[in-house]
Amino acid sequence: MCRWAAYLGPPILLEDVVLQPRHSLIQQSHRAVESKTEVNADGFGIAWYGEHDQPGLYRDILPAWSDYNLRNLVHHVRSRLFLAHVRASTGTETSRPNCHPFVHGNWSFMHNGAVGQFDTIRRNLDTALSDDLYQSRTGTTDSEAMFLTALQLGLDRDPRSAIADTLSRIVALQRDAGAEPYIRFTAAFSDGQALYAVRFATDDHPPSLYYETSAEGTVATLASEPTEADGQGWTKIPPNSFVVLADGGLDVQPFTIG
């Protein structure tokens with residue numbers, strides 16, 4: 001399982017989440033405590049929003065802890081909204097196009113989890129995409145397929161419904177293939193204004209997700225694991241939840257699929 005963290009608030013240095021905390025994302029890349037795999041060394045990536053609508057993106061296949069360029073970048077880049085991810089592959093190759101986050105237009109997306117029978121249903125997911133979205137697919141992961149499917153199903157109009165419809169489509173394809181539905185899905189995504197997250201699974205084991213907020217409730221970090229070793233100040237998000245962080249603060253809502 002992968003580990004990730006996302007931030008929305010006044011501009012901060014990326015290293016304030018990615019590198020400096022005692023249990024930072026880089027620390028989690030080789031010493032995760034709430035993941036099936038302690039080591040997440042199959043690449044990393046960061047998408048951050050700055051002066052343009054489309055986010056900046058840096059991804060590579062090195063383990064996050066060993067990349068000097070990453071450390072240099074997070075030490076200098078400041079952003080009000082960013083998504084960062086360290087990857088543990090569930091079967092697809094370790095390549096730059098398969099590293100999270102994924103970006104299309106002003107949207108960014110990253111995921112931790114797994115999709116059962118993905119090799120069987122992948123063709124159906126891909127062929128249902130519009131020509132524009134299909135041509136933008138550069139990797140082979142289930143995560144990118146889900147992101148593009150959500151865009152196809154209206155992510156820019158209704159993020160919650162688009163994600164629910166995407167997961168419902170996957171469940172239907174799994175059943176058509178004669179398999180029991182199996183999805184574990186903890187994801188974060190943004191349009192450059194609000195930050196969204198989902199914690200969901202078809203069984204009782206969705207990947208972990210936490211949040212930390214400022215006293216005013218308008219600044220928050222979402223993460224697979226608290227970035228402080230003692231977890232003080234962090235709240236665990238319940239299974240089957242949809243999270244919205246925007247100017248009005250943090251809102252955690254129940255989330256189901258059809």
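Analyst: A crossing of two helices is called right-handed if the near helix is turned clockwise from the far one by less than a right angle, and left-handed if anticlockwise. In this predicted model, the crossing of H6 and H7 is right-handed.

User: Why is the packing of helix H6 against helix H7 called oblique?

Analyst: Helix H6 (residues 142–152) and helix H7 (residues 159–176) pack with their axes 8 Å apart and at an angle of about 120°.

User: Which residues of H6 and H7 meet?

Analyst: Met146, Thr149 and Ala150 of H6 meet Ala162, Ile163, Thr166, Leu167, Arg169 and Ile170 of H7; by class, this contact has six nonpolar, two polar and one charged residues.

User: How do you know on which side of H3 the buried residues lie?

Analyst: In helix H3 (residues 68–76), Leu70, Leu73 and Val74 are buried. Because they cover an arc of only 90° around the axis, they are on the same side of H3, whereas Tyr68 and His76, on the other side, are exposed. Among the elements that cover the buried residues are strand E1 (3–13) and helix H2 (25–31).

User: What makes Gln117 count as buried, partly exposed or exposed?

Analyst: Buried means under 20% relative accessible area and exposed means over 50%; Gln117 has 42%, so it is partly exposed. Gln117 lies in the loop between strand E6 (107–115) and helix H4 (118–127), and its phi is near 55°, a positive value in a residue other than glycine.

Key: Residues are numbered from 1 along each chain as its sequence is written. This is a predicted model: local features need pLDDT of at least 70, side-chain atom pairs count only at pLDDT 80 or more; totals for chains, interfaces and linings use all residues. Side-chain values use heavy atoms; hydrogens and water are left out. Axes are lines fitted to C-alpha atoms, for helices over the stretch in contact, and angles run from 0 to 180 degrees between N-to-C directions. Helices (H or I, at least four residues) and strands (E, at least two) are DSSP runs, numbered from the N terminus. Contact means heavy atoms within 4.5 Å. Ala, Val, Leu, Ile, Met, Phe, Trp, Tyr, Cys and Pro count as nonpolar, Asp, Glu, Lys and Arg as charged, and the others, Gly among them, as polar. Buried means under 20% relative accessible area, exposed over 50%, partly exposed in between (1.4 Å probe, protein chains only). The arc is that of the directions from the helix axis to the C-beta atoms.
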